[in-house]
Amino acid sequence: SYVVYLGRQSYASEPSATDLDRVTDAHHELLGSCMKSKEKAKQAIFYSYTRYINGFAAVLEDEEAAEISKHPEVVSVSRNRISQLHTTNSWGFLGLERNGEIPADSMWLKARFGEDVIIGTLDTGVWPESESFNDEGMGPVPSKWKGYCDPNDGIKCNRKLIGARYFSKGHEAAETHDSSYHTARDYDGHGTHTLSTAGGRFVSGANLLGSAYGTAKGGSPNSRVASYKVCWSGCSDADVLAGYEAAIHDGVDILSVSLGSGPREYFTHGNAIGAFLAMENGILVVASAGNDGPDPGMVGNVAPWILTVACSTISREFTSNVILGNNKQYKGLSFNTNTQPAGKFYSLINSVDAKAANVSSNQAKYCSIGSLDHLKVKGKIVYCTRNEDPDVEKSLVVAQAGGVGVILANQLIIRQIRPRAHFVPTSVVSADDGFSILTYVYSTKSPVAYISGATEVGTVAAPVMADFSSPGPNFITPEILKPDITAPGVNILAAFTGASGPTDVPGDRRRVHFNFISGTSMACPHVSGIAGLLKTIHPDWSPAAIKSAIMTTATTISNVRQPIANASLLEANPLNYGAGHIWPSRAMDPGLVYDLTTKDYVNFLCSIGYNSTQLSLFIGKPYICQPHNNDLLDFNYPSITVPNLSSNKTTLSRTVKNVGTPSLYRVNIRAPGGISVKVEPRSLKFDKMNEEKMFKVTLEAKKGFKSNDYVFGEITWSDGKHHVRSPVVVKKMAVAA
């Protein structure tokens, strides 16, 4: 299956059903001219995009796809590629609450908890019975809303969950798909988790088997939410584009998109195309950076009109400590279910010494399925070694063999440990601690231990970059720093798919179901929720202004990264975290913003090589690339990146808009190593709201500077109250002798 993209629709007013049918027929005619049969074209096309996107998705032979790509009305023809999903005290960690109380200066109060802003997700659907989507005390649905809920599979909406739709034709064309699951209901859990993180209501008593007990809530608890199910076993471009069309038409304000693929050229990327049209309609698209770190250049969703989110930790951990019979204690991680009675010791055995008959010692070492002898394991804690098999599987193996606990030891010093929910009390410990525990086992006649778990807040340094978060540089356009921003995304507790299915009694569905998930998928809806609050406070701000406010008020992240295999990547820098870690209270009053319009984005596309014909089709009206549009470094982005300082000196410009009171701003410069930075003028005086001022930045390599690596600095404009910070990222290319 292929997506044939013809650019943007251009209607003088709201299109009628006749207008939409006319576009569909034009698609049949266009494809029919290549296939020599309009009827065959009708059978091949499974989506016609008729409202905002002009194009269609169809099942084509490769030769037919090549033929239609030559047509002058066609912008691009791309395979219907499959993207993947990028998988409660986080709001307290972000300063919206303190110790369970909402302080007087909380952004929540200023924004009325995101009242009536509409947040949509493109994801795996929604579990509508979750208490996170209850509508108690909410007023009528906003009058601008045009969406609806598809009732298949018992889906019911209310004044909180105001939209639930599904799009599966692209997935069906790309893969075998069970048509009996034509439903907006979330059977995966990912979509429910992201939607409730962005806009879920306050739900007391949320926990996972006792861990992180407290009140769950989303970033914009009083928002309205809508779910667009575009992901099945994957997320096809054809379905993603259909989801964008629906969301734009229905009237969402913020779109949270926790899915993506590797770096892709803009006109062949469903997310990039859909997000551009959303931006044109005043909708900010927030998307996840991807979970392919730590390898450099893996960041996805890199279009500059998308707010791309990386993932960091929060100051909470789930300890599961091992206490040995010699009273020595070793810190491990797991969820709170992994607790045994304090002071009650159990016999401790190495799994190799408990191997079943006819099983190798290596299989028993890793507690592989069927590798343990029931008689040797029953009633004991078993020491196992981690490998590529799931940790949870090992705890199941021990449980099935009659064991009462597991100690899982790392083999590699640098392998990251993340808590999981296990079948028996479990502690995952470091390689060094594992060696110490094993030494105790073999130096003691009757080794014993017990496992004690807890949820601890404020005991670990945070935020710290997660090792899986996909870093830059931006492979498609290195001059645009990606990711843009970082937010919490490790072990986030939020609503999840209910344990009961659609055939169970409705009462079962209303049980509170929560789960922990980690990933940039979870970081993304945190930023979406904050963007919803900003939209409530500043309803007239453009998507670019909201994005700028979030980026320029962020705080830098400590020079620490979770343990990873490549030691050279241990340093956290803007290629990993973008502008920094989101700081909501500052974002609501940024002072200055770097604003952008549709024309600016089209000029950007011109500057990277798209021609006038392509761009005219893309925006649905005539456009001519001008020579002055070709300076990519002058694109008014909130960050500054020069990836190829091939000469010793370059000058670029930026323009800031005052969104606060009249004030005088002065610049503070922290230059990248080996680079001198000059800003002119050194001060900017604003006399009124929305006044704009331009400044120039000159970057020059110092004499003798020979590094081929990126170096980092920042420029900050401040009036004493506001601090408008932009990262400066420079790479000087070596000149061949």
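## A walk from Arg-8 through the fold

Let's start at Arg-8, which is buried, with a relative accessible area of 19%; buried here means under 20%, exposed means over 50%, and partly exposed lies in between (1.4 Å probe, protein chains only). The model you are looking at is predicted, so local features need pLDDT of at least 70 and side-chain atom pairs count only at pLDDT 80 or more, while totals for chains, interfaces and linings use all residues. Residues are numbered from 1 along each chain as its sequence is written, and side-chain values use heavy atoms, with hydrogens and water left out.

Arg-8 has a partner in Glu-280: the two form a salt bridge in which the closest N and O atoms are 2.7 Å apart (a side-chain nitrogen of Lys or Arg within 4 Å of a carboxyl oxygen of Asp or Glu). Glu-280 is partly exposed, at a relative accessible area of 24%. The structure holds 28 salt bridges, and a few others are worth a visit.

One of them joins the side chains of Glu-64 and Lys-40, at 3.3 Å from N to O. Because Glu-64 sits in helix H3 (residues 62-68) and Lys-40 in helix H2 (residues 38-44), this pair ties together parts that are 24 residues apart in sequence. Helices (H or I, at least four residues) and strands (E, at least two) are DSSP runs, numbered from the N terminus. Glu-64 is buried, with a relative accessible area of 14%, whereas Lys-40 is partly exposed at 40%.

Another bridge brings Arg-725 and Glu-714 together, at 3.4 Å from N to O. Here the elements are strands: Arg-725 belongs to S34 (residues 723-731) and Glu-714 to S33 (residues 710-718), so the bridge links parts 11 residues apart in sequence. Arg-725 is buried at 9% relative accessibility, and Glu-714 is buried at 15%. Elsewhere, Glu-14, Arg-51 and Lys-146 are linked in a network of salt bridges.

Now step back to the whole protein. Its secondary structure comes to 20 helices and 34 strands, and buried residues make up 60% of its 737 residues. Helix H7 (residues 190-199) is largely enclosed by the rest of the structure, because 10 of its 10 residues are buried. Among them are His-190, His-193, Leu-195 and Gly-199.

The largest nonpolar core has 106 residues; such a core is a set of buried Ala, Val, Leu, Ile, Met, Phe, Trp, Tyr and Cys residues joined through side-chain atoms within 4.5 Å. The residues with the most contacts inside this core include Leu-122, Tyr-228, Trp-305 and Leu-605. Apart from it lies another core, of 26 residues, including Tyr-594 and Trp-717.

Finally, a word on confidence. The predictor's confidence in each residue, pLDDT, runs from 0 to 100; its mean for the protein is 87, and 85% of the residues reach 70 or more. Over residues 209-213, pLDDT stays under 50, and the model has 20 contacts for them beyond four places in sequence (heavy atoms within 4.5 Å). The pLDDT is also below 50 over residues 499-512, a stretch with 21 contacts beyond near neighbours in sequence.
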